[in-house]
Amino acid sequence: MFEQIKHNMENIKGIEIYPILSLLIFFFFFVGLGFWVFSYKKEKIQEMSEIPLDEGLV
């Protein structure tokens, strides 16, 4: 079964770009996510961490 899929993939022109695009999307998503996490304001993180302990909202 794998050989049949491999044979079909070898016959499609331009298919070699898809693994490269997938890797780039994956890489830039997680780099962007890491940048967003490390640039988030510490005060906002502290405020959100106290939400479950706030008894006034229930």
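**Close-up views of a predicted model**

View 1. Ser49 is found in helix α3, which covers residues 42–49; helices here are DSSP runs of H or I with at least four residues, strands are runs of E with at least two, and both are numbered from the N terminus. This is a predicted model, in which local features need pLDDT of at least 70 and side-chain atom pairs count only at pLDDT 80 or more, while totals for chains, interfaces and linings use all residues. Residues are numbered from 1 along each chain as its sequence is written, and side-chain values use heavy atoms, with hydrogens and water left out. Ser49 counts as partly exposed because its relative accessibility is 41%, where buried means under 20% relative accessible area, exposed means over 50%, and partly exposed lies in between (1.4 Å probe, protein chains only). A polar atom of the Ser49 side chain lies 2.7 Å from the backbone oxygen of Gln46. Ser49 and Ile12 are 37 residues apart in sequence, and their C-alpha atoms are 51 Å apart in space.

View 2. Ile17 lies in helix α2, which covers residues 17–39, and Ile17 counts as partly exposed because its relative accessibility is 40%.

**View 3. Aromatic rings.** A search of the whole structure finds four aromatic pairs; rings of Phe, Tyr and Trp (its six-membered ring) pair if their centres lie within 6.5 Å, and planes under 30 degrees apart count as stacked, over 60 as edge-to-face and the rest as tilted. One of these is the edge-to-face pair of Phe27 and Phe28, with 5.5 Å from centre to centre and 70° between the planes. The rings of Phe29 and Phe30 have their centres 5.0 Å apart and their planes at 85°, so this pair is edge-to-face. Phe27 is partly exposed because its relative accessible area is 47%, whereas Phe28 is exposed because its relative accessible area is 54%. Phe29 is exposed, with a relative accessible area of 52%, and Phe30 is partly exposed, with a relative accessible area of 43%. Ring pairs also link Phe26, Phe29 and Phe30 into a cluster.

Terms used: A polar contact is a pair of N or O atoms within 3.5 Å; within protein, one must be able to donate a hydrogen and the other to accept it, and residues adjacent in sequence count only if both atoms are side-chain atoms.
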